Amino acid sequence: MQKTPEADLVRGIRRWDLVAITINGIIGAGIFGLPAKVYALIGTYSLIAFVACALVVALIILCFAEVGSRFDETGGPYLYAREAFQPAVAFEIGWLFWLVRITAFAANGNLLINYLSFFWTSATSPLWRASIIVLVVVVLAIINLLGIRQATIVSNLFTVGKLVPMILFVAAGLFFLNPQAYHFGPTPTTNDFSKSVLLLVYAFTGFEMATIPAGEVRDPQRNLPRALLIAMLVVATLYILIQLVCVGTLPGLAQSQKPLADAGSQFLGAAGGAIISAGAIISISGNLNILLLSGSRLPFAMAEHKQLPAVVGNVHKRFFTPYVSIAITAAVMLFLTLKSSFLEALTISAIARLITYGATCLALLVFRARRGAPAALFRLPGGKVIAMVSMLLIVWLLLHITLAEARAAAIAAAGGLLIYFGYWLFSRS
């Protein structure tokens, strides 16, 4: 494999920093709303859906762990696709991943305003909404510009800040469970169960963000697989317990717009709703930081491989961060957050993620079959079978997307190809 020089970057992300980044990448806004939506679809069987989604995502994560252990450069799935497939495929994967990052930022940025309104009703007014969004984006951009250590310290603080309220919610809620709430009614249809798992993909994914800044991670080939597996174990356990508490303590769970806050109010009083709302604000803020950190590294990696103008790959001489890529990504995130709503920004997220996950699972098979492929420091037992099962599960989930989502994703993919071939023609002229 041809190495790309990244000597100007600093390897300032340590093992437990990487675990925190992974947890921050997964736990964003989804878990604060999806327990009610999934329960409305399949009732108490939602507990099984949470376990099923955790298993599906765990198989995909295992594929990422092996493939990620082969590389120590920036790019994550974009880099894996570039080494396994053709440059055009790699660019498309990088483009879709970047698009997922900025649309997720826009969606969660708008949701942050909604949760702030719990404490400050004026936050949703047009002037204050715009002012808060600008402030959040500017502050996060400055933090990421000042250095990778600063960004990871902030990530660590947000990780602790978001886990404490959730652990408190679970620890207290387990004492107030109503056993009769766990009655299983008629078996849900396969279609409803599949839709439930697909919905939960949004809450369980985001782990891939930890793979992207590998060029700034200490010993990434060893630390990345461990971080992915530790984070997934923590998040899956916490999510399943959260759903268990929601089902057992909130009678009107199916109709709730804020299931964790409403359930917390049931057994912790008014303070419970405030604690969970504060936890949601912290959780979303931490997720926004990781979205910018990981998203900004994708254009940098693509510029390093000469698929974007060289200026996008510039590294700041004092702070050793890809400042041009950070500025571009932050500017696009700011624009989309100001111009879109929560639901509008989520249109292509799930399908784009699943396609790029499938590419990494396929890359595992390619590297296993290719002589001279980068060596894997983490060799997954039964890796070929797990990769093929993962791809089948991804196809199963993609079969349940809506026509509108498929159309939006196709338009987004076409936009990436236009940029790729447009720059290719320009660079040759």
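This report describes confidence, helix packing, the nonpolar core and selected residues in a predicted model.

## Basis and confidence

The model is predicted, and local features need pLDDT of at least 70, side-chain atom pairs count only at pLDDT 80 or more, and totals for chains, interfaces and linings use all residues. Residues are numbered from 1 along each chain as its sequence is written, and side-chain values use heavy atoms, with hydrogens and water left out.

The term pLDDT denotes the predictor's confidence in each residue, from 0 to 100. For the protein chain the mean pLDDT is 86, and 95% of the residues reach 70 or more. Over residues 1-5, pLDDT stays under 50, and the model has eleven contacts (heavy atoms within 4.5 Å) beyond four places in sequence for this stretch. Where pLDDT is low, the predicted coordinates should not be read in detail.

## Packing of H2 and H8

Helices are DSSP runs (H or I, at least four residues), numbered from the N terminus. Helix H2 (residues 34-42) packs with helix H8 (residues 190-204) at an angle of about 175°, and their axes are 9 Å apart. Axes are lines fitted to C-alpha atoms, for helices over the stretch in contact, and angles run from 0 to 180 degrees between N-to-C directions. H2 is therefore roughly antiparallel to H8, a term for angles over 145 degrees.

From H2, the residues Leu34, Lys37, Val38, Leu41 and Ile42 meet residues of H8, among them Phe193, Leu199, Leu200 and Tyr202. The contact of H2 with H8 has nine nonpolar, one polar and three charged residues. In this classification Ala, Val, Leu, Ile, Met, Phe, Trp, Tyr, Cys and Pro count as nonpolar, Asp, Glu, Lys and Arg as charged, and the others, Gly among them, as polar.

## The largest nonpolar core

A nonpolar core is a set of buried Ala, Val, Leu, Ile, Met, Phe, Trp, Tyr and Cys residues joined through side-chain atoms within 4.5 Å. Buried means under 20% relative accessible area, exposed over 50%, and partly exposed in between (1.4 Å probe, protein chains only).

The largest nonpolar core has 134 residues, of which Ile27, Phe169, Phe204, Phe207, Tyr239 and Ile242 touch the most other members. Helix H5 (residues 87-116) gives the most to this core, with 16 residues. Apart from neighbours within four places in sequence, Tyr239 is in contact with Ile26, Ile27, Ile31, Phe50, Ala203 and Phe204.

Glycine 248 belongs to helix H9 (residues 220-249) and counts as buried at 4% relative accessibility. The C-alpha atoms of glycine 248 and leucine 177 are separated by 4.6 Å, although the two residues are 71 residues apart along the chain. Beyond four places in sequence, the contacts of glycine 248 include Phe176, Leu177 and Tyr182.

Helix H14 (residues 383-398) holds serine 390, which is buried at 1% relative accessibility. Alanine 387 also lies in H14 and is buried, with a relative accessible area of 0%. Not counting residues up to four places away in sequence, serine 390 touches Leu59, Ile60, Cys63 and Cys361, while alanine 387 is in contact with Cys63, Cys361, Leu364 and Leu365.

## Positive phi in a loop

Most residues other than glycine have a negative phi. Lysine 306, however, has a positive phi of about 60°. Lysine 306 lies in the loop between helix H11 (270-304) and helix H12 (323-339) and is exposed, with a relative accessible area of 69%.

Phenylalanine 320 is found in the loop between H11 and H12, and its phi is near 55°, a positive value. At 38% relative accessibility, phenylalanine 320 counts as partly exposed.

Definitions and conventions. Helix = DSSP H or I, 4+ residues; strand = E, 2+ residues; numbered from the N terminus. Parallel < 35°, antiparallel > 145°, perpendicular 65-115°, else oblique.
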